[in-house]
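Please examine the structure below.

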Amino acid sequence: MPHADSALVPQGLDKAAFWDHIHDQLAALLEGQRNWVTNLANASSLIYNSLLAFEPYFGDKERAVNWCGFYIVSSLFPSPRISQADGNEAEARSQLLLGPFCGKPACQFINTTPGKARGVCADAFLGRRVIRVHNVNEYPGHIACDGETKSEIVCPLTLGANGEEIAVGVLDLDCLAFGGFTEDDERGLEKIADLVVAACDW
Ligand code: SME
């Protein structure tokens with residue numbers, strides 16, 4: 001099957017079946033590759049394009065998903081930019097940096113230092129929990145990368161190591177409609193996040 005066809009969505013799926021379908025497509029796409037840049041690039045493209053092709057929920061322009069991508073903790077990048085964190089090395093190593101995504105340009109980095117952190121991504125990352133925002137204008141500290149975004153869901157990417165849970169980043173989706181994401185999307189994305197984390201070397 002050509003790679004682009006992985007984002008084709010069969011007719012008649014409900015949301016739970018849709019997310020199971022994406023999960024299987026993604027597992028096949030990532031097989032044999034452990035590099036997180038490569039895997040997250042195709043994961044963001046697969047999720048974004050499949051959602052836009054999922055007509056009953058996101059297929060019309062008013063309800064479309066307008067951004068899908070990853071922010072990854074800066075310590076996993078080759079050289080944290082200390083100058084971007086007022087010279088504070090710990091802060092530079094704990095920022096979330098923009099990773100692979102689909103959609104319009106977005107903010108380059110997000111501070112996660114307690115006291116300075118703000119926004120949905122930082123809160124999901126620090127709290128290690130999914131955050132679903134019905135109306136982004138009502139979320140304290142929301143970072144507006146695109147003024148057209150109305151709702152958002154952010155899912156942490158967590159890795160179990162030595163009995164501890166470590167967050168390596170977040171998966172973030174934006175929608176042009178209020179309340180764009182439901183509990184079904186939350187459950188589906190959590191499974192996708194687990195798959196992505198397990199498929200990569202960090
Ligand atoms: N809205 C996010 C920032 C990232 S963009 O939506 C792509 C936040 O508040 O953290």
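Arg128 has a relative accessible area of 35%, so this residue counts as partly exposed, the class that lies between the cut-offs of 20% and 50%. The model is a predicted one. In it, Arg128 belongs to the loop that runs between α5 and β4, the latter spanning residues 131-133. The backbone of Arg128 deserves attention as well: its phi is positive, at about 50°, although the residue is not a glycine.

Pro114 is found between β3 (109-110) and α5. Its relative accessible area is 69%, and Pro114 is therefore classed as exposed, since that class begins over 50%. The position of Pro114 may also be described relative to another proline, Pro56. In sequence, 58 residues separate Pro114 and Pro56, while in space their C-alpha atoms are 40 Å apart.

Ser50 provides a helical example. This residue is part of α2, the helix that covers residues 36-52. Ser50 is buried because its relative accessibility is 0%, and the class requires a value under 20%. The side chain of Ser50 makes a contact with the backbone: it reaches the backbone oxygen of Leu46 at a distance of 2.6 Å.

The ligand comes next. It sits in the largest cavity. The residues around the ligand are Trp67, Tyr71, Ala106, Gly119, Val120, Cys121, His142, Ile143, Cys145, Glu152, Asp172 and Asp174. Sorted by class, this shell comprises seven nonpolar residues, two polar residues and three charged residues. Several elements of secondary structure contribute to the shell: at least two residues come from each of β1 (65-73), α5 (120-127) and β6 (164-175).

At Val120, a polar backbone atom is 3.0 Å from an oxygen atom of the ligand. At Cys121, a backbone N or O atom lies 2.9 Å from a ligand oxygen. Glu152 takes part through its side chain, of which a polar atom lies 3.0 Å from a nitrogen atom of the ligand. The ligand taken alone exposes 310 Å², and the protein buries 99% of this area.

Technical notes:
Residues numbered from 1 in each chain as written. Predicted model: local features only at pLDDT ≥ 70, side-chain atom pairs only at ≥ 80, totals over all residues. Heavy atoms only, no water. Near = heavy atom within 4 Å. Polar contact = N/O pair within 3.5 Å; in protein donor to acceptor, adjacent residues only side chain to side chain. Areas by Shrake-Rupley, 256 points an atom, 1.4 Å probe, with all protein chains shown as cover. 1 Å grid on protein atoms, 1.4 Å probe; cavity = no way out; pocket = protein on both sides within 12 Å on 5 of 7 lines; lining within 4 Å. Sits in = over half its atoms within 2 Å of the grid points. Helix = DSSP H or I, 4+ residues; strand = E, 2+ residues; numbered from the N terminus. Nonpolar A, V, L, I, M, F, W, Y, C, P; charged D, E, K, R; others polar. Buried < 20%, exposed > 50% of the residue type's maximum accessible area, 1.4 Å probe, protein only.
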